[in-house]
Amino acid sequence: YEFLKNGRPTGANVDLLKAIGEVLGRPIEIRLMSWSEAQAQVQAGKGHALTFMSTNKERLKLYDFTEPTFSPTFSFFVKAETAPSFDASYLLNKRNGVHPAGFPKAFLTENHPEATYVLMENDWDGFGKLLRGEIHAVATTEWVGYHTLREHDISSIRAAFPPFARKIASIAVPKGNPDLVQQLDNALLNLKKSGKFYRIIDKWSGKKVVLFEMEHIWFFIWLGGLAATVLILLGTL
């Protein structure tokens with residue numbers, strides 16, 4: 001959704017905010033930092049909005065929210081060999097990597113207090129801990145997790161099915177600025193109506209990845225070979 005590439009902000013949220021700025025006819029400055037620092041700075045008046053936040057009772061006391069933007073899916077990323085048998089009971093007495101101020105930590109500590117949660121700087125830090133055996137799973141957003149795995153060419157980690165949560169995210173504005181919320185809402189509705197919003201989703205969602213067990217892959221190879229043999233025999237006849 002948002003990350004630094006060659007020192008510059010990029011990602012789906014960045015493209016969306018730039019498009020909002022074009023609709024509003026005003027410049028938008030995007031600063032990327034840790035999630036906890038971003039919330040603190042916006043609450044201190046050093047920023048106007050947070051790019052990507054879901055609602056809960058505590059946040060509704062502090063922020064007003066725009067129309068929905070993206071709908072993130074949250075999953076446990078585990079070592080590939082354990083993914084097929086993964087379920088919620090797996091969390092018992094396990095160590096799970098979470099972001100300090102993100103949704104997974106709040107959701108999981110409330111719904112699965114039996115587990116142990118280890119703070120990680122980012123997904124790459126969490127995946128490193130997972131590969132070293134320091135934790136058993138990384139709880140994060142599917143888009144972000146798979147992007148990180150692709151960037152580092154890691155195939156030994158995958159998301160367990162099903163996801164543990166799905167949320168609807170919006171742009172969050174501190175209480176007391178209804179005009180800004182209305183302007184952002186108008187811009188978002190304009191982008192959705194024009195189709196540009198959905199083109200941004202298509203650009204960043206990437207190709208769908210389908211995972212197969214190794215025995216299934218061998219079965220398909222055998223089936224393909226059998227089909228080729230039949231075709232050759234038919235051709236001979």
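Which residue follows helix 7, and is its phi positive or negative? Helix 7 is followed by glycine 195, with a positive phi near 90°.

Some ground rules. This is a predicted model, where local features need pLDDT of at least 70 and side-chain atom pairs count only at pLDDT 80 or more, while totals for chains, interfaces and linings use all residues. Residues are numbered from 1 along each chain as its sequence is written, and side-chain values use heavy atoms, without hydrogens and water.

Helices (H or I, at least four residues) and strands (E, at least two) are DSSP runs, numbered from the N terminus. Helix 7 covers residues 178-194, and its 17 residues reach 24 Å from first C-alpha to last, close to the 24 Å expected at 1.5 Å a residue; the expected span is 1.5 Å times one less than the number of residues.

Buried means under 20% relative accessible area, exposed over 50%, partly exposed in between, with a 1.4 Å probe and protein chains only. In helix 7 the buried residues include Leu180, Leu184, Leu188 and Leu191. Among the elements covering the buried residues are helix 1 (12-24) and strand 4, with contact meaning heavy atoms within 4.5 Å.

Three strands form an open sheet in the order 3-11-4, paired antiparallel; two strands pair if DSSP finds at least two bridges between them. Strand 3 (50-54) and strand 4 (63-68) each have a single partner strand, so one side of each lacks a neighbour in the sheet.
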